[in-house]
Amino acid sequence: MLGERPGAPGVPAPCRSLLLLQCLLLLRAPAGLLGDQTRRLFEFDSTNSSEVKDGSPGKPYPPYLLADFSWDDVNNTLDPAMLSATFRGHPSKDPSGTFSNGSLAFKVHAFSGSGRSDHIPRLLHTADTSQLELVLSGAVPQGNHSLFVLEVATPALDSECPQLKEQEFIDDEYCPSVFQLDQLLWRSPPEGFLQWRPVAFSQKQPTWKKALPCRVSPPGPTLATLLPQSATVRAFFGPSINFCAFNLTFGDSTGPAYEDQYYLSWSAVLGIGIPPMDSFSPLVLGIMVVVLGLPALLLVGGGLGLLLLRHRRYSEYEPIN
């Protein structure tokens, strides 16, 4: 399987069950987020408002190179029954002890059917998708009100970077106060996507009051020579694969921050084919029917009342002859 490229006859179109988890760990967005191609985790001090206003997240600290991380054995967290696995790591060299009680983890959960996640932001999924969750926990921030930025590189077949698309919704029953859905779309066969709500959370029990904004930069080409050489990615996509890079920024200079509870989580849905799309929920449809139908009923009822009243007035007159 590792020697074949996407779209080859040996790669099944509908990846299911455990095979789906394996496919998603290797295809497109997972290859960028879960493998050696995840590049750096940046940290910025956002207390200087002048720097933030200039478009910079703030004062930069030395970045964490994920290629230098030591990762736990994924077999210890692989659950074939739940179709889940966790990649957890920390810097191999940590002289300052920043990660002495902390870790950076990528949690993957494949789905065998359609539905919606039980936890906010309650992303919609299908049988051809998997949920990816990024969790930074316990690491000591290097400054006050730190902003974290994850730099990601992802394979780009046919020399095309994925398309960044933003969609707005008026239905927020499952995601109150967030009316936007961000997604990266890969158009080259087989089509793929990465889809998320532009929010992250600063506590283990996420609430909308503790939500952090999540911003994404448009993907752009990057030199493969600047990336760590991943044998898995090269074997799967070929030796001449091109790459694109983008940044995910969690938080802003105001509001909740990572150091509130030394915790940061962000989740997305990734998969193959056409991304799942939200439709109007039954609650919102019911509200729309009431809001739009009630005036119509009042107009009809009022018209009937006027007709009856008019008919009654005419009936009160008796003929002269």
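## Terms and model

Buried here means under 20% relative accessible area, exposed means over 50%, and partly exposed lies in between, as judged with a 1.4 Å probe on protein chains only. Helices (H or I, at least four residues) and strands (E, at least two) are DSSP runs, numbered from the N terminus.

This is a predicted model, in which local features need pLDDT of at least 70 and side-chain atom pairs count only at pLDDT 80 or more, while totals for chains, interfaces and linings use all residues. Residues are numbered from 1 along each chain as its sequence is written, and side-chain values use heavy atoms, with hydrogens and water left out.

## Confidence along the chain

The predictor's confidence in each residue is given as pLDDT, on a scale from 0 to 100. The chain averages a pLDDT of 74, and 62% of the residues score at least 70. Among the elements of the chain, the lowest mean pLDDT, 38, belongs to helix 2 (residues 28-33), whereas the highest, 93, belongs to strand 14 (residues 199-201).

Over residues 1-37 the pLDDT stays under 50, and for this stretch the model has 106 contacts beyond four places in sequence, a contact being heavy atoms within 4.5 Å.

Strand 13 (residues 192-196) is mostly covered, with five of its five residues buried.

Two strands are said to pair if DSSP finds at least two bridges between them. Strand 12 (residues 180-186) pairs with strand 13 in the antiparallel sense over five bridges, and W186 has G192 of strand 13 as its bridge partner. Strand 13 is also joined to strand 18 by four bridges, and these two strands run antiparallel; here Q195 stands opposite V269 in strand 18. Strand 18 covers residues 263-272 and includes G271, a residue that counts as buried because its relative accessibility is 9%. The C-alpha atoms of G271 and Q195 are separated by 8.9 Å, although the two residues are 76 places apart along the chain.

## The disulfide

A disulfide is taken to be a pair of cysteine sulfur atoms within 2.5 Å, and by this rule the count comes to one disulfide. The bond joins C161 to C244, with an S to S distance of 1.9 Å. The torsion about the S-S bond of C161 and C244 is about -90 degrees, so this disulfide is left-handed. The pair links distant parts of the chain, 83 residues apart, with C161 in the loop between strand 10 (146-156) and strand 11 (163-168) and C244 in strand 17 (residues 242-250).

C161 counts as partly exposed because its relative accessibility is 26%, whereas C244, at 2% relative accessibility, counts as buried. Another cysteine, C214, counts as buried at 4% relative accessibility.

## The salt bridge

A salt bridge requires a side-chain nitrogen of Lys or Arg within 4 Å of a carboxyl oxygen of Asp or Glu, and the structure holds one. R40 forms this salt bridge with E151, and the closest N and O atoms are 2.7 Å apart. The pair links distant parts of the chain, since R40 lies in strand 1 (residues 38-45) and E151 lies in strand 10, 111 residues apart.

R40 counts as partly exposed because its relative accessibility is 26%, while E151 is buried, with a relative accessible area of 10%.
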